[in-house]
Amino acid sequence: MPVLQRPEAEARAHLLDVHRYEVALDLTHGDEEFTSRTVIHFTAREPGDTFVEIRPATLHAATLDGHPLDPAALDDNRLPLTGLAAGPHELRLDATMRYSRTGEGMHRFTDPADGEDYVYTQLFMDDIQRVFGAFDQPDLKAAFELTVTAPPTWTVLANGRTEQLPDGTWRAAATPRISTYLVAVAAGPWHSVHTEHAGLPFGLHCRRSLAPHLDADVEELLDLTRRCYDRYHEIFEEPYPFDSYDQAFVPEFNAGAMENPGLVTFRDEFVFRSAVTDTERQTRGMVIAHEMAHMWFGDLVTLRWWDDIWLNESFAEYMGYQVLSEATRFRDTWTDFAIARKGWGYDADQRPSTHPVAPAPEDVPDTASALLNFDGISYAKGASALRQLVAWMGEKDFLAGINDHFARHRFGNATLADFLDSLARATDRDVHAWAARWLRTTGIDTLTPTVTEDAGTWHLDVAHTGSRPHRIAVGAYDPDPGHPDRLALRDRFDVDVPADGAPARHTFPKAAPALVVLNDGDLTYAKVRFDAASWETAARTLSGLPDPLTRAVVWNAARDLVRDGELAPTAYLEAARAHLPHETELAVVQGVLAFARTQLADRYLPSAPSSPGQPAGTTRHTALTTLTALSRDILRRTEGPGHGPEAGLRLTAVRAFIDSATTPEGIQEWLADGSVPGGPTLDHELRWRILTRLATLGAAPLPELHDLIDAELGRDQSATGQEGAARCRAALPDPEAKQAAWQALFGTDAGSELSNYLFTATATGFWAAEQQDLLRPYVARYFTEVPALAVRRGPALAKAAGRWAFPAVLVEEETLRRGEQCLAEGDPTPALRRTLDDQLADLRRALRVRAAAVR
């Protein structure tokens, strides 16, 4: 499919002024296709030629100003509009469109729990043309008027308030001027909860089979929504710009959520059907706050072209965490950001695919390249940069600049230059110079302390590798006199690290502290190191640091040291074994366990000693044994009736114990008994988790395992149950099971191709680190077959195949060689190439970490 080039978009924006779309969709034509009729009212500023995008199953008719156009002129997704005269025009398009099973365009889903059907749109970044014809670029905003014909039992949701007309069709209120990618429709027999706040209708919607789970959390969800809405109205002068606020939890959604004005769509895993930790509830709250921020950042004021993605995502990410911490019961959001989110940015910034937060225009020449930049840099790094900007210029001036930006560009489009001009009007700081250093550069700076002392004073020098200025806090800690296993804050002071040249030496009275923590409070984006004495103190007393955010900074530093080959993976595991049983901050426990289990155990440590000089204690099996022992310690600590943080810690430990089990003993008994001794009772999520682990370990004869999977699916006939069964079957250590899973993943029978979620579930079960000998022959097959799959199934499945179906557990030179050959000779699509490039970079890092551990 031709992708839109930036020069084409600029030329079309110069030529056209688009006023209004009238769109009629008919969703009553079966489960494969729907009909789409579109009328576009636009003006040509001067005579010229252009095109409109549409990707139909069949284009039945097209007329321009009442004159028929030849449907055969449609070239892939482009219908030429030639010889336009200056002045107003009306374009009509009549087409049949296909439903999607990959979460793109108009996605259709049949709920296995009750057989009900649901559809919803996901039109980002250029998928509106899968639903109706449009001039598909963000700076051609228009008003949209939608009518939808749906089955009689369905309710239709859209950007504006909807009503059912006497003839049974649904009509949505006309939108204000919005970009094409923000149009939204969701239709089906929804379970809905309606309320009103500040004179505005609010709604929550989910599939009927999830109704009890939504109802259980409805007060929490509405309370979060109200509080965030009120906080945004305190800090933003521009009022909420749309006529309603609906939040729909939809099935098989590729992203976490999508900021459609007035109709935010979320992945419906956020309707919790099993026990979750409070940190997971906080994450859901952050996504609610993030998407609401987009009503201003992205929807009211929209980027002009996709090089300014950060103007949407970095701001929503920053505001989501900040507003949640200010307006709700979740006060430690930045700890979670530090331990769970920031590493996403750090990792992305160290791969070959790194890019500036705000790329140069020439680096985003088309929509395909733009789509690749929705990553840890545009989200986590960009949010970190904004947090540093606020620390540098002050929150008052920052918010003044934002409000100026909204006022100048409401319902329009803006660029980085426009935003910086607004900030500059609000402060005497040189924000343009700051932006050049922070937003136009790549990579991570590193800050390293040197601590010396003499004659009753101590000195701090901060070495700076990188190109950005940093304003950081430095924490100085000493042992707590009454508690030798704890640390007390002696002093915290601000340090400005210049972009160039050596920072000033800082001198303080008294002897040197036991621990010096750079970037205490995590206000900048940089790797931090320790002086030797500080690391020795941290390794011994990390859980004794008084502030959870400080502990997160230290754990992140340790993570970076492992990834850079400067700290042995076993040393990280020893620290986790020593300190996690005493850690009270759930986000820290979850983040450290996730890194230890998925990176250290599965990638950085070999399955067996790889050389005569490598001790047996450095193997994956030893790491898993350490993690199960650690999990058991946390379980002992949390015995008894548990609520709140204790219950969350216990659930986290149960999950880690299951995932790290090296034998079926223990977890097999839990499954048979239906509960963990001392709690919790096993819900669907834990039962599928145990069954996946038992399948991976081959814990019983194959017929018995198949019977267990079938029985569990009988208990849980939901979509999540279908995914659990697919994951378990793919995880079986059996050649026939692996071949069946592979055929499901890569087979070319269009009638049996997996949906996006079933594909991911099957892929994650397939690649089991315990089964490397069985899996090794599939490495060559993967790199041979994945390029064709990416072409056949599109960008969403290409990214899923690159991320989840990649043979990451085979950390071997042969995997690297095959992958590099695929990049050189396999002609992967842009989405697949980017994902493979990142995976291979991570593979090279894992090989380096292993080599460093042997030395």
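This report walks through the overall build of one protein chain and then looks at a few of its strands and a helix.

The model is a predicted one. Its chain holds 27 helices and 28 strands. How do we judge whether the chain is compact? For 855 residues, a compact globule would have a radius of gyration near 29 Å, and the chain has 28 Å, so the two agree. Along the principal axes, the C-alpha atoms fill a box of roughly 90 × 75 × 55 Å. Of the 855 residues, 60% count as buried. Among contacts with a separation of 6 or more, 73% come from residues 24 or more positions apart.

The accessible surface comes to about 30800 Å², and carbon and sulfur atoms own 51% of that. As for charge, there are 84 positive and 123 negative side chains, and the centres of the two sets lie 3 Å apart.

Now for a closer look at some strands. Strand S2 has two antiparallel partners, listed here with their bridges.

| Pair | Residues of the partner | Bridges |
|---|---|---|
| S1 and S2 | S1: residues 16-26 | ten bridges |
| S2 and S7 | S7: residues 87-98 | twelve bridges |

Is helix H7 (residues 377-393) largely enclosed or open? Here 16 of the 17 residues are buried, so H7 is largely enclosed by the rest of the structure. After H7 comes Gly 394, with a positive phi near 95°.

Key
Residues are numbered from 1 along each chain as its sequence is written. This is a predicted model: local features need pLDDT of at least 70, side-chain atom pairs count only at pLDDT 80 or more; totals for chains, interfaces and linings use all residues. Side-chain values use heavy atoms; hydrogens and water are left out. Helices (H or I, at least four residues) and strands (E, at least two) are DSSP runs, numbered from the N terminus. The radius of gyration is taken over C-alpha atoms; the globule rule is 2.2 Å times the number of residues to the power 0.38. Buried means under 20% relative accessible area, exposed over 50%, partly exposed in between (1.4 Å probe, protein chains only). Contact means heavy atoms within 4.5 Å. Accessible areas come from the Shrake-Rupley method with a 1.4 Å probe; for residues, only the protein chains shown count as cover. Lys and Arg count as positive and Asp and Glu as negative; His and the chain ends are not counted. The place of a charge is taken as NZ of Lys, CZ of Arg, CG of Asp or CD of Glu. Two strands pair if DSSP finds at least two bridges between them.
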